[in-house]
Structure formats: C-alpha cells, structure tokens
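Thanks, everyone, for making the time this morning.

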Amino acid sequence: ATSIDALAVGLSMALLNVSIVAPVLVIGAVTFALSFAGVIIGEKAGHFFEKKLEIAGGLVLIAIGAKILLEHLVKGV
C-alpha cells in the first residue's frame with residue numbers, strides 16, 4: 001500500500017509540474033525528527049520496559065506469522 005501511495009504522489013507531482021524540493025525537505029525533516037525522538041525515548045525508557053516489550057514483540061511476530069500461515073492455508077483450499 002505504501003508503494004502505491006508513493007507512486008500516486010510521485011506521478012501527481014510529475015504531471016502537475018510541481019517542484020519536489022519543499023516536500024522532500026519537509027518529509028526528510030519530519031522523518032529525522034520522529035526517528036531521533038524515538039531513539040531518545042527508547043534509550044531512556046527502553047530498559048524500564050525491556051523484558052515486557054521483548055515478550056510483546058515476540059507475540060506480535062508469532063501472531064503475524066500465524067495470520068499469514070492461515071491466509072495461505074485457506075487460499076490453498
């Protein structure tokens with residue numbers, strides 16, 4: 001879905017002859033700020049929730065794997 005959105009935006013900007021400099025700068029700045037904030041928050045709070053988050057992450061991965069497996073099993077029937 002993300003690739004389709006990116007294609008639509010890129011194609012729209014190309015057809016409208018809009019400069020991409022401002023959007024690229026804004027997207028880059030927001031991405032950097034949010035990533036930087038995530039690193040800082042993770043560094044400060046990560047050790048407090050470390051074990052619980054590892055378990056939660058593992059459960060999420062197992063759930064995603066089970067969902068994909070079930071989708072393929074049902075599709076194959």
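I will begin with the background of the model, go on to the chain as a whole, and then turn to a few places along it.

This is a predicted model, in which local features need pLDDT of at least 70 and side-chain atom pairs count only at pLDDT 80 or more, while totals for chains, interfaces and linings use all residues. Residues are numbered from 1 along each chain as its sequence is written, and side-chain values use heavy atoms, with hydrogens and water left out.

The protein chain has 3 helices and 0 strands, in the order α-α-α from the N terminus, where helices (H or I, at least four residues) and strands (E, at least two) are DSSP runs numbered from the N terminus. Its radius of gyration is 20 Å, whereas a compact globule of 77 residues would have one near 11 Å; that radius is taken over C-alpha atoms, and the globule rule is 2.2 Å times the number of residues to the power 0.38. Along the principal axes, the C-alpha atoms fill a box of roughly 50 × 50 × 5 Å.

How much of the protein chain is buried? Of its 77 residues, 1% count as buried, a word that here means under 20% relative accessible area, with exposed meaning over 50% and partly exposed in between (1.4 Å probe, protein chains only).

Let me now follow the helices. Helix α1, residues 2-15, reaches 20 Å from its first C-alpha to its last, close to the 20 Å expected at 1.5 Å a residue, the expected span being 1.5 Å times one less than the number of residues. Because the number buried is 1 of the 14 residues of α1, this helix lies largely in the open.

In the loop between α1 and α2 we find N17, which has a positive phi of about 55° although it is not a glycine. For context, most residues other than glycine have a negative phi.

Helix α2, residues 21-45, holds both F32 and F36, which are 4 residues apart, about one turn of the helix. A search of the whole structure finds 1 aromatic pair. That pair is F32 with F36, stacked at 5.8 Å centre to centre and 20° between the planes; rings of Phe, Tyr and Trp (its six-membered ring) pair if their centres lie within 6.5 Å, and planes under 30 degrees apart count as stacked, over 60 as edge-to-face and the rest as tilted. F32 counts as exposed, at 57% relative accessibility.

Finally, G65 is found in helix α3, residues 50-76, and counts as partly exposed at 37% relative accessibility. G65 and H47 are 18 residues apart in sequence and 27 Å apart in space, C-alpha to C-alpha.
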